[in-house]
Amino acid sequence: MKIAVIGAGSWGTAISAMLAEKHPASDIRLWARSPETVAEIHQVKENRRYLPGVLLPQSLQCTSDLKESLAGAAVVVMVTPSHAVREIARKVAPIISPDAVIVSATKGLEEVSLKRMSQIIAEEIPGLASRIAVMSGPNHAEEVGRKYPSTTVIAAKKKAIAEQLQDLFMLPYFRVYTNPDVMGVELGGALKNIIALGAGIADGMGFGDNSKAALMTRGLAEIVRLGIALGARPLTFAGLSGVGDLMVTCTSKHSRNYRAGLLLAQGKTISEVCGATNMVVEGIRTAKAAYSLAQQNQIVMPITEQMYHVLYNHKPAKEAVLELMTRGKTHEVEEVAVEPIDWEN
């Protein structure tokens, strides 16, 4: 089997290392945009910029030639930043095998179209629209790369594809679950980054555990609210791609969105924050897209709304907190209908 991993950031590198470890006789190729990254991985078997300290398997190949990475690949894992997914998918379309399975492992929403990553890939590669799956969960690359026990969820409309990928990725330290709710899994993975930015800001302002617990709990409530309005299933958000990913992203030292929030609390600008983290902070773009989705669908998302104003309208964080705390009285629990989910044939 040949597997292509498109994107040599921290998560793409960790995924390719896992696949090369589990399938040493297979052809695992990691595509990197930078020739310098390719040379470094070949010479020292390490991606020092994005995943330092993790030794990569000898069998892992790396290339900056997209055609070379994709030729004959039965599975293609897309792990580029969200703003590059459409561009890369467009380049992949004429090269990819017509029988390939595509896995989207990027968390985010497209800023202009407000679409999820699987929707973008389906638009650019329509012939494989029914063979697209998504991967999401509490998966910091730094920990997966060091083989700490981790779990993830793979969502696909077709059960056979989800289970094929479950077998492909499952390792003793990386447990994989399946879910038919593609939309819910993607929305949970994207929207939690907004709440993580807020968690970083709260800690940066010196607030305590009570504040963070409230932020995470009410943040999850509005993620579920938007998800249900768009057609996702509520129980998905109680799983790995919902509350699981939210917990780790709001509390971990590895979370770039949390670290970005800390910097924003110090008065840094968005451009300064992005420069300091050396990686894409998906929550910044996602906040704008989620705010627009909430407006379009008339969904109340107070934390997302305040984060949008802090990020894009220079609203002081203290003022945003005050508005959140002095909102009109509401009930805590919202009643939702829970329906069974059927896989497609």
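UniProt, in an unreviewed entry, places the feature "binding site" at Gly7, Ala8, Gly9, Ser10, Trp11, Gly12, Ala141 and Arg256; its annotations may be inferred rather than shown by experiment. The lining of the largest pocket includes Gly7, Ala8, Gly9, Ser10, Trp11, Gly12, Ala141 and Arg256. A pocket is an open set of points on a 1 Å grid over the protein atoms alone where a 1.4 Å probe fits, with protein on both sides within 12 Å along at least five of seven lines, and lining residues have an atom within 4 Å of a point. This is a predicted model, in which local features need pLDDT of at least 70, side-chain atom pairs count only at pLDDT 80 or more, and totals for chains, interfaces and linings use all residues. Residues are numbered from 1 along each chain as its sequence is written, and side-chain values use heavy atoms, with hydrogens and water left out.

- Ser10 lies in helix α1 (residues 10-22), a helix being a DSSP run of H or I with at least four residues.
- Ser10 counts as buried because its relative accessibility is 6% (buried: under 20% relative accessible area, 1.4 Å probe, protein chains only).
- Beyond residues up to four places away in sequence, Ser10 touches Tyr50, Leu51, Ala141, Arg256 and Met279 (contact: heavy atoms within 4.5 Å).
- Trp11, also found in helix α1, counts as buried at 13% relative accessibility.
- Neighbours within four places in sequence aside, the contacts of Trp11 are Met18, Val79, Ala105, Met135, Asn139, Ala141, Val144 and Phe174.

**Helix α7**
- In helix α7 (residues 159-169), the buried residues are Ile161, Ala162, Leu165, Gln166, Leu168 and Phe169.
- These residues lie on the same side of α7 because they cover an arc of only 160° around the axis, taken from the directions from the helix axis to the C-beta atoms.
- Ala160 and Asp167 are exposed on the face of α7 turned away from its buried side (exposed: over 50%).

Methods: Helix = DSSP H or I, 4+ residues; strand = E, 2+ residues; numbered from the N terminus.
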